[in-house]
Amino acid sequence: RKMQGLTGAGSKLYLFGGMREGFRIDSNDLWVFSTTTATWATLSPGPTFTYVFGFTSFSGSLHLMGGETFQTRQSWTYSPGDDAWRNGTRFEAVGASAYDNSPMMDSGVLVDVA
């Protein structure tokens, strides 16, 4: 696997997407690793197959932004509490730029900048 996303929240690490088993075989699987029990588990697959994207955790949710197979400026939000994905805010709505699909926080607002 390469070009995947990895983010942490509390005692858990979340791994999403990327490429696997060779060139241009995209993935939409979501895995969680518990640092408490040292075990992996699968979660609900993501809304689309993608790689080279922004992936971060904020306010109890995971946020997936951009990517090579997403519509430009698209984002999705994953809720660990109910194991569900939802459409996120398009980047224009928060006044963010779309450069290199890299997320960051600015005054508590999730934006997409380098």
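Guide: Buried means under 20% relative accessible area, exposed means over 50%, and partly exposed lies in between, with a 1.4 Å probe and protein chains only. This is a predicted model, in which local features need pLDDT of at least 70 and side-chain atom pairs count only at pLDDT 80 or more, while totals for chains, interfaces and linings use all residues. Residues are numbered from 1 along each chain as its sequence is written, and side-chain values use heavy atoms, with hydrogens and water left out.

Visitor: Why does G5 count as buried?

Guide: The relative accessibility of G5 is 5%. The limit for buried is under 20%, so G5 counts as buried.

Visitor: What does G5 touch?

Guide: Contact means heavy atoms within 4.5 Å. Leaving aside residues up to four places away in sequence, G5 touches Y14, L15, F16, F53 and F55.

Visitor: Which strand holds G5?

Guide: G5 lies in strand β1, residues 5–9. Strands are DSSP runs of E with at least two residues, helices are runs of H or I with at least four, and both are numbered from the N terminus. By that count the protein chain has 10 strands and zero helices.

Visitor: In what order do the strands of the open sheet run?

Guide: The order is β1-β2-β3-β4, four strands with antiparallel pairing. β1 and β4 (39–42) are the edges: each has a single partner strand, so one side of each lacks a neighbour in the sheet.

Visitor: What makes a set of residues a nonpolar core?

Guide: The members must be buried Ala, Val, Leu, Ile, Met, Phe, Trp, Tyr or Cys residues, joined through side-chain atoms within 4.5 Å. The largest such core here has 11 residues: Y14, F16, L30, V32, F53, F55, L62, L64, W76, Y78 and W85. At least two residues of this core come from each of β2 (12–19), β3 (26–34), β6 (61–65) and β7 (75–79).

Visitor: Which residues does L62 touch?

Guide: Not counting residues up to four places away in sequence, L62 touches T7, Y14, L30, F55, T56, S57, W76, T77 and Y78.

Visitor: How many residues does the protein chain have, and what percentage of them count as buried?

Guide: The chain has 114 residues, and 39% of them count as buried.

Note on methods. Pairing = 2+ DSSP bridges.
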